[in-house]
Structures are given as structure tokens and as C-alpha cells.
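Visitor: I am new to this structure and would like to know what stands behind the terms used for it. May we look at it together?

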Amino acid sequence: MSEAARIHLENAESRQHRLSTAFRWSALITGGALALTGLSRRSKSGLALAAGGGLLSWLGAQAGTQQRELIARSSILLNCSPEQAYEFWSQIENLPLFMRHLESVTQIGENQSHWVAIGPLGKQLHWTAEIAFDRQGDVIAWRSLPDSEIYVDGVVKFRKAVGDRGTVVSVFVVYQPPAGSIGNAFAKMLGKDPNFMMRQDLHRLKALIETGEIPTVEGQTHGPRSGATAVARVLNPDDPIKGQGKITEIADARRRAS
Amino acid sequence: MKAVCWMGTEKMSVENVPDPTILNPRDAIVRITSTCICGSDLHLYDGLMPTLEQGDILGHEFMGEVVEVGAGVNREKLKVGDRVVVPFTIACGNCFFCQQQLWSCCDNSNPNYWMAEKLMGYSPSGLFGYTHMLGGYAGGQAQYARVPYADVGPLKIPDGIPDEQVVFLSDIFPTGYMGAENCNIKPGDTIAIWGCGPVGLFAIRSAFLLGAERVIAIDRFDYRLKRAEDAGAEIINYEEVDDVVQLLKDMTGNIGPDACLDAVGMEAHYTGPMWALDRTKQVLRMQPDRPGVLREAIIACRKGGTVSVPGVYGGFIDKMPMGAYMNKGITMKTGQTHMMRYMKPLLELIQGGKIDPSFVVSHRVPIDKAPEMYKIFRDKQDHCTKVVLDPWANGASIAA
């Protein structure tokens with residue numbers, strides 16, 4: 001099975017995962033509503049209804065206690081050799097240049113590195129990762145060590161593209177955000193569309209490797225904007241449909257690049 | 001600086017805005033000496049292209065002098081003081097597509113590539129002043145502009161050639177030329193061209209340069225048809241004939257034109273019930289494009305012929321005559337212009353006296369008059385074919 005086909009299959013699985021989330025919430029809400037309605041009837045059938053509703057919301061709550069896991073994957077064609085792409089990636093201090101949510105990555109030993117990500121509202125998340133597998137010019141896998149604030153495990157592969165067109169780089173990353181409000185917010189930020197986020201990162205990598213810079217219009221001159229635009233930006237700074245998200249995101253990348 | 005801003009559908013305004021600055025290492029800043037309104041800007045004026053935002057600076061046909069270059073610009077290719085024409089497509093020069101000479105398909109220059117991907121599957125290159133979906137870059141109807149990848153696009157122009165002869169290398173001349181080249185012209189061919197605006201007029205001349213024997217031009221404005229006739233074309237005013245397709249058959253011994261070129265695009269005017277239907281759908285936002293010309297070109301084209309589409313389309317069309325397209329074995333060629341392929345050879349044609357592109361100009365005005373010129377150009381008043389704006393002149397029209 002080709003890489004692309006495998007990615008599509010796995011995406012379908014993660015959609016199922018989202019469906020189960022939908023089930024959980026609908027069970028919680030419907031169950032809760034049934035229980036309330038049943039109790040308010042003050043009758044035997046009402047009690048039965050309330051019991052059924054209670055059971056349903058309990059099931060929903062149970063479904064929610066499983067470990068959260070967010071998966072991001074994407075691939076892109078780079079106009080360079082697998083060795084060049086590998087070389088760039090293996091200098092892990094380079095990663096924040098094109099990965100939106102990374103603040104910094106610092107090598108702290110032969111095999112270990114310290115990672116800092118920016119979560120929502122500028123909150124930082126720290127973790128330490130080690131290289132799990134490394135084959136020159138081919139593949140790098142890393143995993144986060146115990147006691148990290150967030151668990152991030154990933155693998156990146158560099159394959160020579162057909163027709164001498166460069167390198168297909170494919171990335172697969174699993175995030176396990178922590179419990180608590182920061183973890184929730186981080187999960188929410190990632191969970192909107194982790195694949196899209198990874199794709200944005202890879203697109204920036206491609207521009208950086210091929211042209212030496214990341215294209216941007218952030219900070220350019222313009223005429224007076226409307227109030228409606230300003231409000232839309234504040235309300236939803238990273239809506240991938242409206243096209244405002246990229247502006248903050250490019251700003252972040254630029255800030256880190258400078 | 002002064003800049004022409006889109007403030008809403010049919011609302012243009014000249015605003016005082018901050019001067020552009022270098023944002024990326026390979027940027028340059030150009031002080032603009034001549035800039036034009038393009039027919040495709042009228043789609044923006046009419047509010048038909050998605051992802052335009054109030055305050056966006058329009059304009060993608062401009063030239064001027066380089067006043068600042070970023071640290072990453074190859075100084076051998078571009079330096080401060082160079083006089084340049086800036087192509088409307090923005091291309092990095094490094095990606096797979098640029099290296100295939102498919103410059104208008106550059107994979108890196110559109111920071112909002114994913115917006116275009118939603119509509120088209122893949123994103124074309126970024127363009128100056130042409131919606132956020134196509135990059136959101138500030139345009140060149142202004143006194144200064146920021147030019148990304150400045151060592152790839154801008155073409156150096158020697159002193160001594162007036163702006164008016166070379167400024168159209170920024171878009172319409174190469175666009176008309178590529179449209180004609182896409183007609184796959186062989187000696188003796190007959191080419192039918194819909195639309196006698198600037199691109200159509202350049203396509204007519206280019207078709208002859210490329211060896212066409214006959215060019216038949218179709219429009220509804222006599223002043224434009226007159227210009228087509230001056231260029232050597234036979235002309236059809238479609239409002240004065242019953243059936244353009246039948247007439248083209250009659251003019252070609254029932255063979256049909258070897259190639260049909262749509263230099264009109266998404267805001268075509270035509271007649272009959274299909275016009276009423278398409279116009280209604282467009283107003284109701286059920287169909288962004290009015291494809292009357294494209295349909296007619298496909299029906300009129302001879303068997304095994306070519307349909308070339310330099311006219312701009314933005315979204316989707318209905319009632320595409322797929323049966324005719326398939327059964328007649330037609331080839332269709334399209335695309336935003338791969339500017340960097342054509343600018344230099346066409347400059348040489350100008351220098352060699354083979355063509356003087358300034359024939360197309362009808363209005364030269366100060367930039368302050370841009371808002372009213374959009375309306376005049378859109379409504380085809382005052383025999384308007386091409387408007388050149390002077391960003392630095394003040395007051396009334398210098399010459400008409």
C-alpha cells in the first residue's frame with residue numbers, strides 16, 4: 001500500500017474516533033435531559049425514564065475517560081535530495097522555524113532534546129524527547145520521556161520521489177495532551193484539524209528549503225479595514241476557513257525566524 | 001503613499017496608506033512610474049472574486065525603479081536604481097513548477113495556498129492585488145510596491161524606451177501572446193477571438209506574428225472592433241448578427257475556425273435566454289461565472305481544433321457543452337500567463353520594432369482619477385480600452 005493510501009485509511013480511522021466523541025457528548029446531553037424530564041414527572045414511568053437517562057449519561061462519561069490522543073500526519077514534495085531534507089530536519093533546532101506551535105527545541109545531550117511549545121494564550125508546554133530511531137538520510141523517530149507535560153511521539157520519513165522530482169517527506173505525530181485546562185486548550189487547538197496544521201508546517205518547510213524564506217503578507221501596507229473584519233479576527237483568530245488564522249501563524253513563524 | 005483601495009463592490013478609493021516595507025529577504029521595493037487598470041481588475045470591482053477584503057490595494061500591471069532590495073536578493077540580477085517591469089504573477093524560481101517554466105503555477109509564492117486549494121484542488125502562484133485566495137499581496141496601483149522574489153520576476157528595461165511601450169509586458173501583452181501561442185497556430189490557420197479588449201487586441205497581433213492567415217474578432221463595441229480591424233482582423237459585432245457560430249461556419253466554408261480564443265472570461269455578455277439564466281444565477285450567487293463565450297467557442301471550434309482561454313474564470317460554470325468538446329476532439333489550453341517565459345522575448349520584439357504596445361492606450365490619468373476610471377472602463381464609456389495611471393501626477397487628466 002502506498003504511503004498516501006495508508007494515510008487516507010488512517011485518517012478514516014481518526015474520523016471514526018471523532019464520531020465516538022460525538023457519541024459521548026450526545027449521550028451525555030440526551031441522557032441528562034431524559035433524567036431531568038423523568039424526575040420532573042414524579043411518576044413510576046418518570047423514574048424509569050430518569051434511570052435510563054442516568055445510565056446513558058454514565059455511558060457517555062465512561063466513553064470520555066479514555067486517554068486522549070491526537071494524530072497529525074501529512075506529506076509534501078520537496079525540491080531537494082533526501083539527504084538535504086534529512087540534514088535540515090536532523091538539526092532539530094531548525095524545527096521551530098517552520099513548526100507553528102514550537103517555541104524552541106534545544107539539544108541537551110547525545111540523544112535528548114528539550115522542547116517548548118506555545119499553547120493557547122501563550123502558555124508554554126515543556127517536554128524532553130529522545131531519538132528512538134535514526135537512519136541517515138532516511139528516517140527519524142522520536143518519543144517523549146516520562147514526566148513530560150505533554151507526550152509527543154513522531155516519525156518523519158524522507159523518500160526519493162519518482163521521476164527525480166526531489167523528496168517526499170512524510171510526518172506522523174501522536175500527541176497526548178495532559179489533563180487540566182492547559183491540556184484541554186492545547187487539545188482543542190490541535191484537535192480542530194491536526195492534519196491541516198501539520199500540512200501548514202510542511203508547506204512552510206518546503207518554502208524555507210526551496211526558497212530560503214517563508215512567503216508572507218503579514219505586516220504589509222493596506223487601506224482602511226472594516227470593523228466587521230476586525231471583529232471576525234478577534235472572535236476566531238485561527239479559523240481555517242476565513243483565512244485569518246494564517247496571519248497570526250505566519251507572524252509567529254516570522255517572529256521565531258528573526 | 002497614495003494607493004487605490006477596494007472598499008467594497010463598485011467602491012474604489014484612493015487612500016493615503018503607509019509605504020511598503022521589506023518583509024522577506026528576497027523582497028524589493030519599487031517606486032512605481034506607470035501602473036494600469038486591467039480588465040481582470042473589473043471582476044474585483046464588481047465583487048465577483050471571493051476573498052477580497054476591504055482596504056486591499058489592487059493593481060498588477062506596473063513598472064518603476066528599484067529603490068530598496070532585501071539582503072537575500074541576488075545583486076547581479078537586481079539592484080537599487082534598476083528600471084523594471086514587474087510581472088503580475090509572483091514566482092519563487094526554485095520549485096518544481098518554476099523549473100518547468102510553469103511560472104504562474106509556482107508552489108511557494110501563495111501564503112494562502114490552502115484557500116485556493118479548497119476551490120481548485122491545488123493553488124496557483126500568488127498574484128499582486130488579486131484576492132487573499134491568491135496570496136493577498138498588496139497591488140501596484142500605488143506609488144510604491146513590495147515585490148517578493150525580486151531576483152526572479154522583474155525584467156530590467158534599458159533607458160530610452162518610454163514606459164508606455166513596455167508597461168504592458170507586466171500582463172496583457174504576454175497574456176495575449178500566450179493565448180495566441182496556446183492556439184497551436186500553423187501557417188494558414190484561421191483564429192476566432194472573442195473580446196477585443198486589450199488582451200484580445202494583443203492576441204490578434206500575436207496570432208499574426210505566429211503565422212495565422214486570418215483572424216476573426218468578435219465584440220459588441222464598434223470602437224473596439226475598429227481597433228481589431230486596424231490590427232488586421234475581420235470583425236463580427238455579435239449584437240448585429242443572428243448567430244455567431246453560423247456566421248463563423250459561413251466564413252470558413254463550414255469547417256470552423258482552427259482555434260477559438262476566449263479573451264473575455266467570467267463576465268461575458270451575450271444574448272438570448274441563456275444570458276438571462278446565467279446572469280440571474282450569478283446575481284443569486286449560484287454560479288460565479290458567466291460562461292457564454294466559452295460555450296460558444298467550444299461549439300464554433302472546428303473538429304480537432306483548439307480552444308485557448310486566457311480569459312479569467314473564478315469558480316464554476318453550468319451547461320458546459322461537454323458533448324461537443326469530447327466528440328469533436330478539441331484541445332483546451334488555459335492558465336494564468338507564465339510571464340517569465342515571455343517577457344524577455346517580447347521586449348526584444350518591441351525593441352526590434354515588430355510591435356508597439358502603446359497602441360492599446362486610450363486614457364492617461366493621474367492616480368487620483370482611478371475610481372472614476374474603473375467605472376468608465378467597466379461601462380465601456382468614452383471609448384475606453386486601456387487606462388494608464390500616473391502615481392505621481394496631480395490634478396486633472398494630462399491627455400485623453
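Guide: Two residues are in contact if their C-beta atoms, placed from the backbone, lie within 7 Å. This is a predicted model, in which local features need pLDDT of at least 70 and side-chain atom pairs pLDDT 80 or more, while totals for chains, interfaces and linings use all residues. Residues are numbered from 1 along each chain as its sequence is written, and chains are lettered from A and ligands numbered from 1 in the order in which they are written.

Visitor: How many residues of chain A are in contact with chain B?

Guide: By that distance rule, 25 residues of chain A are in contact with 37 residues of chain B. The largest share of the side of chain A, five residues, comes from α6(A).

Visitor: Why is helix α10 of chain B called mostly covered?

Guide: A residue is buried if 20 or more other C-beta atoms lie within 10 Å of its own, exposed if 12 or fewer, and partly exposed in between. Eight of the nine residues of α10(B) are buried, among them B:Val293 and B:Ile298. Their cover includes β14 and β15 of chain B.

Conventions: Helix = DSSP H or I, 4+ residues; strand = E, 2+ residues; numbered from the N terminus.
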